[in-house]
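Here is a short briefing on the fold of one protein. Look at the structure first, then read the points below beside it.

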Amino acid sequence: MNTVDIEKLNRDNFKSMMNALSMPGKIEKIQPLFESNLLAIANTLLYSEVSFYYEGNEEFNLIEAITNSQNDQADNADYIFCDELNEYLFNKGKVGTSKDPEYSSTFVFKCKDFNGLEVKLTGPGIDGSKKVNLPIDKSFVEFFNEKNSYYPLGNEVFFLSQEGEITAISRTTKMEVL
């Protein structure tokens with residue numbers, strides 16, 4: 001019988017997520033938990049003092065029990081997980097306050113792969129600029145840039161592929177449609 005060292009798995013996945021976030025557009029690999037990459041990310045991020053909202057078909061009850069995190073409404077959740085890109089949810093996520101910018105929402109959107117709109121990324125963690133494809137459309141780019149235009153307010157967004165790869169854009173990243 002194979003055993004899983006969940007703490008090591010969480011450390012490895014957290015490192016992959018921080019690498020993806022600190023170098024927007026970089027692709028990292030996530031190790032699955034309970035045969036799910038999304039649940040592995042949720043188990044890495046969630047703990048008893050944070051809230052989450054999930055929209056999709058994965059079994060979040062086990063993660064909720066393991067982490068003792070609170071299921072909340074999308075407009076109040078610290079972490080928002082969704083089985084697809086959802087601009088409505090992205091609109092509802094909190095951006096923090098000038099005094100407490102950390103009280104914002106972080107999004108994890110599942111996607112088939114990263115094929116999609118070609119965008120140019122600029123900002124911290126990027127040497128000049130970087131061209132990448134993301135599973136988004138032009139309206140998401142406009143909305144992301146608008147929501148993140150008043151730094152330090154804003155959101156971090158992770159995209160998780162079916163193959164367990166992850167890429168991210170941070171609130172300091174600027175996107176331009178090519």
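Two bridges join strand β2 (residues 51-55) to β3, and these two strands run parallel. Helices (H or I, at least four residues) and strands (E, at least two) are DSSP runs, numbered from the N terminus. Two strands pair if DSSP finds at least two bridges between them. This is a predicted model, in which local features need pLDDT of at least 70 and side-chain atom pairs count only at pLDDT 80 or more, while totals for chains, interfaces and linings use all residues. Residues are numbered from 1 along each chain as its sequence is written, and side-chain values use heavy atoms, with hydrogens and water left out.

**Overall build**

- The protein has five helices and 10 strands.
- Its radius of gyration is 16 Å, close to the 16 Å that the globule rule gives for 178 residues, so the protein is as compact as a globular protein of that length. The radius is taken over C-alpha atoms, and the globule rule is 2.2 Å times the number of residues to the power 0.38.
- Taken along the principal axes, the C-alpha atoms fill a box of roughly 50 × 35 × 25 Å.
- Of the 178 residues, 48% count as buried. Buried means under 20% relative accessible area, exposed means over 50%, and partly exposed lies in between (1.4 Å probe, protein chains only).
- The accessible surface comes to about 9,300 Å², and 47% of this belongs to carbon and sulfur atoms. Accessible areas come from the Shrake-Rupley method with a 1.4 Å probe; for residues, only the protein chains shown count as cover.
- Among contacts (heavy atoms within 4.5 Å) between residues at least 6 apart in sequence, 60% join residues at least 24 apart.

**The seven-stranded sheet**

- Strands of a sheet pair through backbone hydrogen bonds, either parallel or antiparallel.
- Seven strands form an open sheet with mixed pairing, in the order β1-β9-β8-β5-β4-β2-β3.
- β1 (28-29) and β3 (70-71) stand at the edges with a single partner strand each, so one side of each has no neighbour in the sheet.
- Phe52 stands opposite Asn71 in β3.
- Helix α1 (residues 6-22) packs on this sheet and touches β1, β8 (156-161) and β9 (165-169); its direction makes about 40° with that of β9. Axes are lines fitted to C-alpha atoms, for helices over the stretch in contact, and angles run from 0 to 180 degrees between N-to-C directions.
- Helix α2 (residues 37-45) lies across β2, β4 (79-82), β5 (106-111), β8 and β9, and runs at about 175° to β4.

**The three-stranded sheet**

- Three strands form an open sheet with antiparallel pairing, in the order β7-β6-β10.
- The edge strands are β7 (130-134) and β10, each pairing on one side only.
- From one strand to the next, the twist averages 40°.
- β6 and β7 run antiparallel and are joined by five bridges.
- Leu117 has Leu134 in β7 as its bridge partner.
- Helix α5 (residues 138-147) lies across β6 and β10, at about 150° to β10.

**Salt bridges**

- Side chains of opposite charge can pair when their charged atoms come close.
- The structure holds seven salt bridges, each defined as a side-chain nitrogen of Lys or Arg within 4 Å of a carboxyl oxygen of Asp or Glu.
- Asp12 forms a salt bridge with Lys8, with the closest N and O atoms 2.7 Å apart. Both residues lie in helix α1, four residues apart, about one turn of the helix. Asp12 is partly exposed, with a relative accessible area of 23%, and Lys8 is partly exposed at 40%.
- Glu58 and Lys110 meet through their side chains in a salt bridge (2.7 Å, N to O). This pair links distant parts of the chain: Glu58 is in the loop between β2 and α3 (61-67), and Lys110 is in strand β5, 52 residues apart. Glu58 counts as partly exposed at 22% relative accessibility, and Lys110 counts as partly exposed at 23%.
- Lys120 and Glu176 also meet in a salt bridge (3.8 Å, N to O). Lys120 lies in strand β6 (residues 117-122) and Glu176 in strand β10 (residues 174-177), so the pair ties together parts that are 56 residues apart in sequence. Lys120 counts as partly exposed at 25% relative accessibility, and Glu176 is partly exposed with a relative accessible area of 43%.
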